[in-house]
Amino acid sequence: MMSSIFESSAAPAQLSRRALLKAGAATGLVLSVTARGVVHAQEAARKYGADSMPGGTVDDPLVFVQIGVDGTVTIVAHRVEMGTGVRTSLPMVVADEMEADWARVKVVQADGDEARYGNQNVDGSRSVRHFLAPMRRVGAAARQMLEAAAAARWSVPASEVKAVLHQVVHAKSGRKLGFGELADDAAKQPVPTAGQRRLKSQAEFRYIGKDKVRAIDLEDIGRGRAKYGIDPHMPGMVFAVIARPAVLGAKVKSVNSDAALKVPGVLKVVEIPAFSGAPAFQPLGGVAVVASNTWAAMQGRKALAIEWAESEHAVYDSASYRQAMEKAAREPGKVVRNNGDAGAAWSKASERQRVTAEYYIPHHAHATMEPPSATVLIDGDRCDVWACVQDPQNARDGVIKLLGLSRDKVAVHPQLLGGAFGRKSKADFVFEAATIAKAMPGKPVKVVWTREDDIQHDFYHAVSLEHLEAALGSDGMPVSWLHRTVAPTISSLFNAAAQGESASELGMGAVNLPWQILNFRVETGNVPAHTRIGWFRSVYNIPHAFATQCFIAELAHRAGKDHRAYALKLIGPARKLHPQKAFDDGWNYSESPEVYPFDTGRLRDVIEAACKGAQWGRKLPKGRGLGLAFSYSFLTYAATVIELEVNDKGEIRLIAADMALDCGPQITPERIRAQMEGSVVMGMGIAMMSDITFAKGAVQQSNFNDFLIARHNEAPPMVRTHLVNNHLQTPPGGVGEPPLPPVAPAIANAIFAATGKRMRDLPIRKVE
């Protein structure tokens with residue numbers, strides 16, 4: 001027990017997500033007209049980065065740091081861990097700045113409370129991007145409070161003392177005091193203001209960028225001791241599985257639960273109301289079987305006799321939907337970027353100068369190793385939730401609304417996430433558990449999703465059809481570019497009638513391309529959503545990168561040029577482009593265009609690094625090929641070169657991957673490399689194995705036997721990672737998502753290099 005700690009002297013002002021949104025709305029909107037005559041709606045006082053997120057940031061050391069009299073430093077991790085290492089890296093930043101010895105640091109997971117900790121929604125590759133600076137300020141403030149306490153104890157100027165590895169030293173006298181000895185006095189020191197905080201220089205870092213710190217969960221994960229969302233167990237716990245409608249929007253017409261209730265162990269059958277309006281994060285509805293164990297609940301679910309009502313989405317069929325997308329992609333769509341006159345340049349070109357191609361990417365499921373799971377206990381007027389959620393505050397808000405409880409009566413305790421990739425930012429499974437727990441007061445209720453539940457009721461990555469046209473000039477470079485992208489939008493989650501990709505979706509590699517082409521046009525076509533479309537790792541960067549990166553390779557081949565050289569010429573010289581002025585991209589991942597310009601020099605550097613690593617241009621044996629692709633996503637630059645082999649049977653084997661990444665400052669290089677390596681494996685699945693298809697509105701896949709992902713033996717035996725740029729003055733970009741988009745197009749381009757056959761549809765299971 002800590003007898004002396006830093007404690008919050010005053011709770012921060014309560015600021016809920018709802019209140020923040022209301023505050024934002026109160027600023028009003030201003031319409032402005034750009035040079036291109038396009039009317040934009042802009043917030044009067046626009047906020048960027050973490051400041052634009054619910055909860056913003058908090059940099060108060062009294063919130064994040066505790067010091068025990070034994071010297072143990074406890075640091076709060078307010079972001080959840082889903083494989084990125086953030087539960088280690090951000091506390092490590094605090095420890096480094098405060099000169100704490102990592103061997104004497106403990107990390108504790110925060111509950112969902114954005115008013116206290118700042119934004120906790122772990123998505124959008126934002127954790128380090130948004131919290132590197134605040135966590136540095138937390139550590140610096142804690143260090144200065146310790147130094148001030150020591151200086152006061154010794155009656156010397158604070159400038160004469162210095163914190164060094166868990167103690168404060170007075171060099172002149174040789175006196176030293178440990179952090180534990182100073183904890184009481186330090187807690188009484190005023191917190192330095194923002195202007196008073198002294199941050200370390202990059203050269204002074206003890207841990208940041210040094211790979212000296214192992215992930216705090218690493219050994220437990222390796223030894224099978226880690227506790228995930230599925231693992232909470234408590235006395236009196238009951239277990240529930242849910243029969244959900246196969247077709248989106250289908251409601252229970254009738255249910256006979258007599259047989260289910262006769263299954264030994266089954267305790268109760270609870271109907272889950274179907275969602276109303278747009279799906280959002282609401283449960284799909286259905287019938288839950290509650291039992292004393294999971295097996296009994298599953299057997300009870302099988303015994304249910306349910307008649308489902310018709311749904312308008314029963315018309316959803318993947319083959320006919322693709323035809324609808326192709327039709328939309330071949331007709332003029334909504335113009336979202338228009339430079340020059342792409343149509344006129346196309347008209348002037350000869351047939352030989354014209355290149356047209358279409359690329360298709362199916363739905364994908366997140367298929368996390370740990371399917372969704374949540375445990376909820378309602379005891380009197382209090383509700384506690386244990387769940388693997390990316391956004392604990394969103395889960396808390398939803399439970400508060402669902403149960404009608406006051407905020408102080410609801411707590412969400414985030415658990416380790418066994419994979420997420422965007423799936424667990426939607427807390428529908430928590431709301432299912434809360435609904436059932438309401439019918440089982442006083443008993444902890446665990447809702448378990450089976451693998452089949454997970455595959456068949458996901459928030460799927462959008463299917464897409466990408467149509468591209470380019471006319472080549474006499475030098476083989478494009479003089480016009482038309483990209484018409486057609487996909488159901490994630491906006492349909494919140495507005496069922498929404499069609500056409502949103503500004504943020506288009507800002508993921510469709511409109512914000514820095515190609516040096518005078519006539520550049522991007523359009524989006526409309527198709528309705530018939531299933532839940534959700535955020536998936538890298539989101540719309542995947543289809544956009546697959547299409548544009550394969551298309552560049554096609555243009556280079558038509559021009560008879562080397563792909564790498566052609567791409568570099570298309571990008572042009574190193575320069576910094578203002579996203580709004582250069583691309584009409586007002587989204588820019590919600591970051592300031594002044595702070596985060598599109599730096600083509602950094603893009604060129606990662607291309608060169610990946611190609612150098614792969615020895616681009618070397619002669620390969622027959623049947624082997626090198627494929628290049630690159631992208632800019634979540635403010636980070638990435639490039640991949642894949643080497644693969646295609647045998648006489650058309651079977652594909654990856655041999656090596658060279659991945660280059662420039663995310664700015666590298667807090668934990670080992671974690672960055674791990675995410676790059678993981679992206680190769682996940683990208684393989686997207687490129688070569690996985691798809692979700694629909695017939696009569698229902699998903700046709702059910703488990704890993706028919707929704708395939710890459711296995712250990714299929715991973716490339718060699719993955720070389722190349723980290724480019726590690727300058728603290730560079731604003732940090734994301735890491736979790738950016739390595740993924742180039743993988744699939746690099747594979748497709750490598751197949752062409754090996755066989756001369758273009759692969760424009762995913763997955764590419766075999767080269768025919």
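1. Arginine 671 counts as buried, because its relative accessibility is 18% and the cut-off for buried is under 20%. Keep in mind that this is a predicted model. The residue belongs to helix 20, which spans residues 669-688.

2. What does arginine 671 touch beyond its neighbours within four places in sequence? The contacts are Gly83, Thr84 and Gly85. With glycine 83 there is a polar approach: a polar atom of the arginine 671 side chain lies 3.3 Å from the backbone oxygen of glycine 83.

3. Five strands form an open sheet in the order 14-22-21-20-15. The pairing is mixed. Strand 14 (334-339) and strand 15 (354-361) are the edges, and each pairs on one side only. From one strand to the next, the twist averages 10 degrees.

4. Which way do strand 15 and strand 20 run relative to each other, parallel or antiparallel? They run antiparallel, joined by 8 bridges. Strand 20 covers residues 464-472. Within this pairing, glutamate 358 stands opposite histidine 467 of strand 20.

5. Helix 10 (residues 318-329) packs on the sheet.

6. Helix 16 (residues 541-559) lies across strand 15, strand 20 and strand 21. Its angle to strand 15 is about 150 degrees.

Methods: Residues numbered from 1 in each chain as written. Predicted model: local features only at pLDDT ≥ 70, side-chain atom pairs only at ≥ 80, totals over all residues. Heavy atoms only, no water. Helix = DSSP H or I, 4+ residues; strand = E, 2+ residues; numbered from the N terminus. Buried < 20%, exposed > 50% of the residue type's maximum accessible area, 1.4 Å probe, protein only. Polar contact = N/O pair within 3.5 Å; in protein donor to acceptor, adjacent residues only side chain to side chain. Contact = heavy atoms within 4.5 Å. Pairing = 2+ DSSP bridges. Axes fitted to C-alpha atoms, helices over the stretch in contact; angles between N-to-C directions.
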